Structures are given as C-alpha cells and as structure tokens.
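This report describes one protein model for a reader who has not seen it before.

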Amino acid sequence: MKTVRIVLADDQLLIRAGIRALVETLPGYRIEAECADGHEAIEAIRRLRPDVVLLDIAMPGPSGIEVARTIRRSDPDTRILVLSSIDRPEIVEQALDAGVNGYLLKDFVLGELKQALESVLSDQSFLSPKIQEMPLRLGLGSNAAGSSLTPRQTEILRLVASGRTTKEIARTLGISPKTVEFHRGRLMEKIGVRDVTGLTRFALQTGVVC
C-alpha cells in the first residue's frame, strides 16, 4: 500500500506534536515535514510535493489562506486540508476560494481526521459538521443567495451560465476541476437549485449574465 506523504504546517509546537501523534496511529500515513510559518510551508510543499498538506490558518508570515493560494497557482493536485480553530464564515469562504479541499475544525476526533484525509485523497471535499451547517445558521436561502455569494462564486456562476465546462472554468480561474465542482455544489446549496439549468436561470434573473 502506498504511503500518503503529509506536510504539517502549524505555528504551535504542541499542536503539531498532537497532530503528528494522531496521524502516526493511522496506517499508511507519514508526516514528511513540520513547518512553523507560512514561508516554511511554501518551501516544504514545493520541495517535497506531498500528497496532503495539513494547514493552519493563523501562522506567522503568509497565512494559511495565502499559502493555499500560492500553492494552487502552480499545483492543482496537492490536497490541502485546513486544520483550524477559526470557524468564522468569512474565513472559511476565503479558504475555499483559495482552493483548499477541506476544512476541519481543531476540536476533531481521530475518526473525523481519518474521514477528512480519505475524502480529500479521493478528490472529494470535506467540511466539519459545524461548517456544513453554516448556510442554514446564516439563513442563506434562495431569497438571500444573490447578496451572499463571494466574488469567486459569482465568477464561477457567470462561467457556468455561459456554458463553460468544468475544465474550461478551472483553466480560466487557475484552480483544479475538483475545486470548481466544490464551489458549484456550494452555489446550488445557497441558491436552492439542483442542476446547471437552475444555476443558469438564477444567473439570468439576477443579471450575472445577460
């Protein structure tokens, strides 16, 4: 079985030690490097080309969001899983816009970490249960959806409604096809539609496309 290689980036030594201890209990996973700031993280990711990056948001130097954005410009394939205690919706949105594959809050249990790793390695997204509930908690439904879209979501909506394929949108925006699919799914949740036709109709109604 192939060993999954991981780069762990978090500025707190005790948290890194705890995460390493958890990862070492999972068969088939190995932490290749630990990084204490954003600059170290970018260098290690570029040098080692890991399968997964476990990335904190609040770090010295470039933040985790800036690290993710930097890596995504040249590497669409490395899976990026945020491990953060920050659960503010705007921060989660920024991380998703930067191209991360998952967002796991630091109060996770071992089973959630394992599920998150398996999900992102299978080209699926993963969000902690509390994060998944955010659209409902924030009251985001079809009536408020237009005003709640992020700039990245609005751009993806425009491209989808213009008939672009997933690969074409990914090339245009410099992100991975899986990230496009993730954002498209979030759009459908916010707007309350089930298919591309519904997205297109909404884009026409709200003037995103003419």
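## Overall dimensions

The radius of gyration is taken here over C-alpha atoms, and the rule for a globule is 2.2 Å times the number of residues to the power 0.38. For 210 residues, a compact globule would have a radius of gyration near 17 Å. The protein has 17 Å, which agrees with that rule. The model is a predicted one.

Taken along the principal axes, the C-alpha atoms fill a box of roughly 50 × 35 × 35 Å. The accessible surface comes to about 10100 Å², and 51% of this area belongs to carbon and sulfur atoms. Of the 210 residues, 50% are buried.

## Secondary structure and contacts

The protein has twelve helices and six strands. How many of the contacts between residues at least 6 apart in sequence join residues at least 24 apart? The share is 64%.

## The sheet

Strands of a sheet pair through backbone hydrogen bonds, and the pairing is either parallel or antiparallel. In this protein, six strands form an open sheet in the order β2-β1-β3-β4-β5-β6, with parallel pairing.

Strand β3 covers residues 52–55 and strand β4 covers residues 79–84. The two pair in the parallel sense over four bridges. Within this pair, V53 stands opposite I80 in β4. Helix α3, made of residues 64–74, packs on the sheet and touches both β3 and β4. The direction of helix α3 makes about 180° with that of β4.

R49 lies in the loop between α2 (38–48) and β3. Its phi is near 50°, which is a positive value in a residue other than glycine.

## R16, in helix α1

R16 belongs to helix α1, which spans residues 13–23. Is R16 buried or exposed? A residue counts as buried when its relative accessible area is under 20%. The relative accessible area of R16 is 10%, so R16 is buried.

Leaving aside residues up to four places away in sequence, R16 touches L8, D10, D11, E34, C35 and A36.

How values were computed: Residues are numbered from 1 along each chain as its sequence is written. This is a predicted model: local features need pLDDT of at least 70, side-chain atom pairs count only at pLDDT 80 or more; totals for chains, interfaces and linings use all residues. Side-chain values use heavy atoms; hydrogens and water are left out. Two strands pair if DSSP finds at least two bridges between them. Contact means heavy atoms within 4.5 Å. Axes are lines fitted to C-alpha atoms, for helices over the stretch in contact, and angles run from 0 to 180 degrees between N-to-C directions. Buried means under 20% relative accessible area, exposed over 50%, partly exposed in between (1.4 Å probe, protein chains only). Accessible areas come from the Shrake-Rupley method with a 1.4 Å probe; for residues, only the protein chains shown count as cover.
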